[in-house]
Amino acid sequence: ASIFAKPGAAKEDSLTTAKRLYYLSESKLMLARKKEFLKQPSEKAFAEAGEDLKKAMAFVKQVPHPDKLMFRFLTVTLPDNLPLDKYLLFWSVFESSYPESDLLAESYLTIAEKCERAGNSDLAGTYLDKAIILKGYYGGKAAIKRGKSLLAEGKRSEGESVLKTFLLETKKHPGQAEAYWLLSESALASGDAGASAAFLERLAEDYDYTEPGVKAAGKTIENLIASGEYAAATRKISRKLDTARIADPVAASYLAQPEPSWYFYAGKAAYRQQNFADARSNLLEYLNRVQTTSYQNESLYLLGAMAIEEQDVESALLHLELVDKNGDQSYYQLAGLEAGQLLYDLRRFEESLTRYKGLGNLPAVQQQMLANAMQIRNLIQLGRDKEAKSQTDAFKKTFGKNKEANDHLASFEYERGKKAFTNKSYDPALRYQKNVLKKHKNSSYADDAKYFI
């Protein structure tokens, strides 16, 4: 840039000036983009590049690549708040002046993005279609953008047609993986699980080096686990993890290591098959390899669930308490329900009450009933009768018409009876147990109440 900034001679001809200003503007623009890429302040650099582009535009007919100069000039100097009609007017000059330019497809994509920002999706679609016709790299980007937009608008057949045509006609485009992912999502949304699986399989096998490819491999395993095909899931996972289990550390270091999520899938598949040793080993390996991720809460919950089945209460509580409130809420809430019950069974009523209170609003009615009911049972055990009665009245008002509420209401009477019996208040204890039989004779607590009586 410093070389091109100064004239090469005292009096240079217009052709030399045109070339010098053209290469100066290119150099300044490259410097500005370098700063932008490195996340350094670049606003001043782009402003300087814009000024040099304006100077070069005075010699547009004499520069080496006039179409490139005009394209750079329009993309850099046109303000973001320029009205759409004026913006299109500037670009129409480029289109009419250089109808054979290699930059035409990129210009159409740029215009389409401006139309989208201006809220004119129909016009954006028109320019994307024009870019698609020209094919190439930017034509491919336009096809993906157009297909994605049509799918978002609910025009499934049109969107899929655009994406499939792109895949057939544009070979070795870096956007192919994204196109397959979009087709898979579209097929799944329409209920065509078979087609979705086929697209995912292609992605996982041929594009495993891309982000959609990695997601597709994981999605395939998730689908197998969800459908109960644990053995098939385990086979696929084992093939993927074989590279990480090579005994020779030097050889292993030269091989691509699997994504940490594969250890999660291995652990989950093993858990579903009741193979707790492998499940625990893989889930812990996953947690050791990552920090906060989308699978962290589920991994900790599964470790807690295994400990519960193995009757290792302290280990279960440890893992369930580690489930992050700011992570996946569904597993945080499930962990809270399990931990609350364990603490209640250990007669750690204050801790149990706190755990249930911290769950907030739960998505399922049955879960919310359980959480509210356990809060009341904890209050009864803590002797906070006034709060327990108040919450019982609220429970009846909220869930009274639900069939499953009967069992919870019976549990309140039963717990009060147990509490009174423990305190050697036998008359109240007898009254509460009789209330179970009188008011809730069809509940699961009826037989226990008879025993106490």
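Buried means under 20% relative accessible area, exposed over 50% and partly exposed in between, with a 1.4 Å probe and protein chains only. By that rule, F94 and Y98 are both buried. This is a predicted model, where local features need pLDDT of at least 70, side-chain atom pairs count only at pLDDT 80 or more, and totals for chains, interfaces and linings use all residues. Residues are numbered from 1 along each chain as its sequence is written, and side-chain values use heavy atoms, leaving out hydrogens and water.

**Aromatic rings**

- Rings of Phe, Tyr and Trp (its six-membered ring) pair if their centres lie within 6.5 Å; planes under 30 degrees apart count as stacked, over 60 as edge-to-face and the rest as tilted.
- The whole structure holds 24 aromatic pairs.
- The ring centres of F94 and Y98 are 5.7 Å apart and the planes are at 50°, so this pair is tilted.
- F94 and Y98 belong to one aromatic cluster with F71, Y87 and W91.
- F395 and F399 are also tilted, because their centres are 5.1 Å apart and their planes are at 55°.
- F395 counts as buried at 2% relative accessibility, and F399 counts as buried at 8%.

**Nonpolar cores**

- A nonpolar core is a set of buried Ala, Val, Leu, Ile, Met, Phe, Trp, Tyr and Cys residues joined through side-chain atoms within 4.5 Å.
- The largest nonpolar core has 48 residues, and I221 and I237 touch the most other members.
- Apart from this core lies another of 34 residues, including V63 and A142.
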